[in-house]
Structure formats: C-alpha cells, structure tokens
Amino acid sequence: MNLAWWTLRSTPQRTIAPQRTIDTTTDDRHHNGRSTPQRAIDTTADDRPHNGRSTAQPRAFISYDRQYQFMVQTFKMTRVAHLAPYLSSFELKKRYREATHPVEGRRWQLLWLISLGWTIKEAAKVIGINYDYAKEIVKGYNQQGEIAILRKKLPPKKRPSHALLNTLQLEELRLSLKGESPDRGIWSGPKVALWIAQKTGRQQVGKQRGWEYLKNCGYSPQRPRPRHRKGDEFEQEEFKKNSISE
C-alpha cells in the first residue's frame, strides 16, 4: 500500500490544456433561421512550448538561390567603374572646367564624377546622356587615354564641282568681257551663256549660268537711268547747263 502511494506521488502527471472553442452560430446564422454547427479550434499543439522556444514558422521564406541572385544584381548596379590612372580627379575637373566644346565638356564631367565614386549609371543620368554611350566613353578613355575624349574633327566634304569652264577658259572669258560683245553691245547673262556654249561645245547653257559667271568676274547689271515718258529733253539739257554753271 505504501509502495503504490509512493509510485503515484513520484510519477509526474501530464496536464492536458482544455480546447478552446469559438461559437459562430450567431455570426453564421442565416435569415432562414438555420444555424451552422460549432467549430472547435485546438491550439494546444501550436501554443505548447518546447524547451522555452516557439515553434511558429515564418510566413515568408526566401531561398538561398534568390538571396544570392539579389546580392549579385545589387552588386552589379552599385559597383564603381574602373578608370585608368591617366589623370587625377583634380585634373579631370580642370579639363571639364576648361573645355570649350559642349561635347568634350560632358565627357570630362562624366569621368570626373566617376573618379569621385559615382557609378556610370548615376553619372550618365545627371549629365543627361545615354548609359551605353557613357560606357563607350569610359572604355575609350581606359584604352586610349585623353585622345579618346577629344572631339575628332572630320575633314571637310568636297562639294561636287559644277563648273562649266576651267581656269584657262575663265581667264579667256575675263579678257573677252573687257572688250565688246559679239553684237557690239553690252555684255549680259544670255550673251555670256552663248559664249560659254560655243567655247565648251555644249548645245545649250542656261541664262542664269551666264549671269553667275558675269558676277564672278566682277561685273554687275548696267541699266540706263530711267526717264519719264512726258519729259522734255530741251528743258532737261537747259537744267543741266545751269546746274553746271553754278
């Protein structure tokens, strides 16, 4: 009898937490008078502590692969571009301040900002240029240095020559203009065009081209002084004589 009592006292008793029930009959009751049965929720398994630690699981779980991809992408977006040590940050700023052409100024400003720790994307956004164009500028500077930043001057384009006369023929035309025209009158655009057609063997030369060559030789259109149709020539001559005598 004593042994049974000692065994009962020494054996730990396990207490079972009562279940918590939620009565939803009042909330789920429809207008037709019917009610839904009660729903019982057992929270003893979730709320029971294990060695003082909670067993609740996080709502969102990010895998290690996604975390690694996110870190790599963040590193690529924030990494600073490499600049070859041709010029210091102070010298890049000086080149930017002294640039006379706006294109060269923007290029030097981009390199100066990158030397201060800016990324290519941030510097390109501030300056207002394309991201791919900014990467080409940095790549050219690292490969060629200051020469890649300077603006390349393209050779002037040669316009197609539409000259009808060569140098010798043009000199011959100038000598002819000093004398009389073929009809012993004043040289004009149509007469010069006819002279060019005969000299070059062309069938026809436009009158406008004749005027162009006449102006190139230093001549201008000569027109007589306009006269009124009701003017008296005798009175005009008398007026000229009196004006000269005075």
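## Second largest pocket

In this predicted model, the second largest pocket is lined by Arg225, Pro226, Arg227, Glu233, Gln236, Glu237 and Lys240. A pocket is an open set of points on a 1 Å grid over the protein atoms alone, with protein on both sides within 12 Å along at least five of seven lines; lining residues have an atom within 4 Å of a point. By class, the lining comprises 5 charged residues, 1 polar and 1 nonpolar.

Local features need pLDDT of at least 70 and side-chain atom pairs pLDDT 80 or more, whereas totals for chains, interfaces and linings use all residues. Residues are numbered from 1 along each chain, and side-chain values use heavy atoms, without hydrogens and water.

## Helix α7

Helix α7 spans residues 120-127, and its buried members (under 20% relative accessible area, 1.4 Å probe, protein chains only) are Ile120, Ala123, Ala124 and Ile127. These residues lie on the same side of α7 because they cover an arc of only 100 degrees around the axis. Lys121, Lys125 and Val126, on the other side of α7, are exposed (over 50%).

The buried residues of α7 pack against α6 (102-115) and α8 (131-144). Just after α7, Gly128 adopts a positive phi of about 95 degrees.

Technical notes. Helices (H or I, at least four residues) and strands (E, at least two) are DSSP runs, numbered from the N terminus. The arc is that of the directions from the helix axis to the C-beta atoms. Contact means heavy atoms within 4.5 Å. On a 1 Å grid over the protein atoms alone, a cavity is a set of points where a 1.4 Å probe fits but cannot get out, and a pocket is an open set with protein on both sides within 12 Å along at least five of seven lines; lining residues have an atom within 4 Å of a point. Ala, Val, Leu, Ile, Met, Phe, Trp, Tyr, Cys and Pro count as nonpolar, Asp, Glu, Lys and Arg as charged, and the others, Gly among them, as polar.
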